[in-house]
Amino acid sequence: MSSSRGPLLAGITSPEDVRRLSSAQTVRLSQEIRDFLVDSVSRTGGHLGPNLGVVEMTVAMHRVFRSPTDTFVFDTGHQSYVHKLLTGRQDFSELRSKDGLSGYPSRAESAHDVVENSHASTALSWADGIAKANVVRGLTDRHVVAVIGDGALTGGMAWEALNNIAESQDRRLVVVVNDNGRSYSPTIGGLAHHLDTLRVTQGYEAFLGWGKRALTRGGAPGRFAYDWLHGLKKGLKDVVAPQGMFEDLGMKYIGPVDGHDVEAMERALRAARAFGEPVIVHAITEKGRGYSPAEQDVADRFHAVGKIHPETGLPVAPSRFGWTSVFADEIVEIGRDRKDVVAITAAMLHPVGLAPFAQEFPDRTFDVGIAEQHAATSAAGMAFAGLHPVVAVYATFLNRAFDQVLLDVALHRAGVTFVLDRAGVTGSDGASHNGMWDMAMLRIVPGLRLAAPRDEKTLRTALREAVDVDDAPTVLRYPKGAIPAPIEAVDTIDGVDVLARHAGDPDAPRVLVVGVGSMVPVALDAASSLALHGVSATVVAPTWVLPVPPAVVKLVPEHDVVVTVEDGLVDGGVGAAIAQRSAEAGAGSRFVHAGIGHEFLDTAERSEILDAQRMTAGDVVRDVLGALGRA
């Protein structure tokens, strides 16, 4: 066990144990959970701030509802650590590591987990579907509880789901809005609690229905009276609580509720459960609650941390200068040179490195919330109107906006640059966060150009080249983590960098090794090893990999074997594109492709995944020697 547990937490093996506690014990349990989270997550890294903010709320949920009969869906999934603890998963020693607990819900871990996808704004659609299925199957003994928060309500898909949820009154569905970003006070008082009770009382609803029928039968005066009384009621409630936008959808609303008061949350959730129709429970919480370093972190309240000193919150080891930092520096320099360059982010200002740009150019920075689709199409509009938008997102999040990239940006030949952070294998972030789909996905977009820089210099150069393109989308991708030492070219052939040439034995077979982005060091190591086996090896590293550079296609027939090394999908990736273009040109060389297989990747360190996927230099050498008949 990685961390010591308090006596109450140690006694929790299932939600039934939580329900047996007294109210006073739930307060102590909440503190024990916070202590455990700070101690354990500081050792492993993870999403600390969001989970410190949902302790009491999650305890209350498990006291009122009965998971897994009642289905819990978390949006976003990184706020599920407390849920894991209360459902018997208390060994956090290998959190976010191979064979350890996932940083998100995981069906393989527990029947209490349902949705593993950690992309935001999807939980309400999941909940709507589960609730509909319960109705169709006649399962009236269960509820669906969707927790949405940490910015997820800014996503358009969440509002599409709310629109559908509000349409039907026969679904036992409770939406818990974890509101940790508003400034109004969570303490509303007895009047608000009384109105909340009235709003979810069936007798109250019946009375309102009778009043509407009786008054509207009276013709125009009656309708006027009903409209006046209804408006007075709504106006009074809007003064007491910010509920209008939810009730205008046709859904019942409870709140705001102090999300750090277990009894208040229980009372609200019990009322919502008893109502039997879709209800929104609005909980006010504080991200990073109870941990001073997180509370004082203005940027993101310790949203995600590496290994830290629990007493101070300071990193155990200072982070090395990384890819994101290089982008952050260069985009500011470009912004100073180009007043038409603007930046767009989807609720990721700091993680993707746009905070310095926003500080210097606040009027040219747009945070659209968790709405990647809107970001892409809004960027197309900006390009039409004379700007050059730079949209910075995690690589895996661009999946959500593929249609917009294709039909709003590319079809309209819009000069928009997409910068994809955390491209390739990210490892500990889990299956849905590996940025492994972008090259295969974007390869089919007509006119799109994609760059995969290998070091700081090529990143800076590629970014400037990208923003100079005004008639097509450009994409710049780079991995998570520290940037490597400079990798200089020994030659350039028609714009493609040659990084190494190994002569090999006389009459030795000739191998062309094509390294893509962060996999260039593997390509170089593999070529060196091949030379030790007497093989003549040349390493090239095109920065712009899509569309396939003509120079690479010309080099193919000069070699017996061509090996491509990329940290994206093998199926449909850059290597496959090179092979296809070469075949079209009549080249008959054999190809060996190193890359990610057609599967979802389990949580593990990047090095462990590369080894499992046979993407190491040793694997490349063995495959090439096999292709040459020298294995």
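Q: Leaving aside its neighbours within four places in sequence, with which residues is Ala-576 in contact?
A: Contact means heavy atoms within 4.5 Å, and beyond those neighbours Ala-576 is in contact with Arg-443, Val-570 and His-593. Ala-576 belongs to helix H23 (residues 574–584), where helices (H or I, at least four residues) and strands (E, at least two) are DSSP runs numbered from the N terminus. The C-alpha atoms of Ala-576 and Phe-591, which are 15 residues apart along the chain, are 9.1 Å from each other. The model is predicted: local features need pLDDT of at least 70, side-chain atom pairs count only at pLDDT 80 or more, and totals for chains, interfaces and linings use all residues. Residues are numbered from 1 along each chain as its sequence is written, and side-chain values use heavy atoms, with hydrogens and water left out.

Q: Why are helices H21 and H25 called oblique to each other?
A: Helix H21 (residues 520–532) and helix H25 (residues 617–627) pack at about 50°, with their axes 8 Å apart; axes are lines fitted to C-alpha atoms, for helices over the stretch in contact, and angles run from 0 to 180 degrees between N-to-C directions. Angles under 35 degrees count as roughly parallel, over 145 as roughly antiparallel, 65 to 115 as roughly perpendicular and the rest as oblique. H21 and H25 are therefore oblique.

Q: In which hand does H21 pass H25, and which residues make the contact?
A: The crossing is right-handed, a term used if the near helix is turned clockwise from the far one by less than a right angle. H21 contributes Val-522, Asp-525, Ala-526, Ser-529 and Leu-530, while H25 contributes Ala-617, Val-620, Val-621, Val-624 and Leu-625. This contact has eight nonpolar, one polar and one charged residues; Ala, Val, Leu, Ile, Met, Phe, Trp, Tyr, Cys and Pro count as nonpolar, Asp, Glu, Lys and Arg as charged, and the others, Gly among them, as polar.

Q: What makes H5 and H13 oblique to each other?
A: The axes of helix H5 (residues 55–64) and helix H13 (residues 262–275) come within 9 Å and cross at roughly 45°. H5 and H13 are therefore oblique, and H5 passes H13 in a right-handed crossing. Among the contact residues are Glu-56, Met-57 and Arg-63 of H5 and Met-265, Glu-266 and Arg-273 of H13. By class, eight residues of the contact of H5 with H13 are nonpolar, none is polar and five are charged.

Q: Why are H17 and H18 called roughly parallel?
A: Helix H17 (residues 372–384) and helix H18 (residues 402–410) pack at an angle of about 10°, with axes 9 Å apart. H17 and H18 are therefore roughly parallel to each other. Gln-373, Ala-376, Thr-377 and Ala-380 of H17 meet Gln-404, Asp-408 and Val-409 of H18. Three of these residues are nonpolar, three polar and one charged.

Q: How do you know that the peptide bond from Gly-255 to Pro-256 is cis?
A: Its omega is near -5°, and Pro-256 lies in strand S4 (residues 252–258). A cis peptide bond also joins Asp-75 and Thr-76, with omega about 5°. Thr-76 is placed in the loop between strand S1 (71–75) and helix H6 (81–86).

Q: What is the value of phi at Phe-302?
A: Phi of Phe-302 is near 60°, a positive value in a residue other than glycine. Phe-302 lies in the loop between helix H14 (292–295) and helix H15 (323–337).
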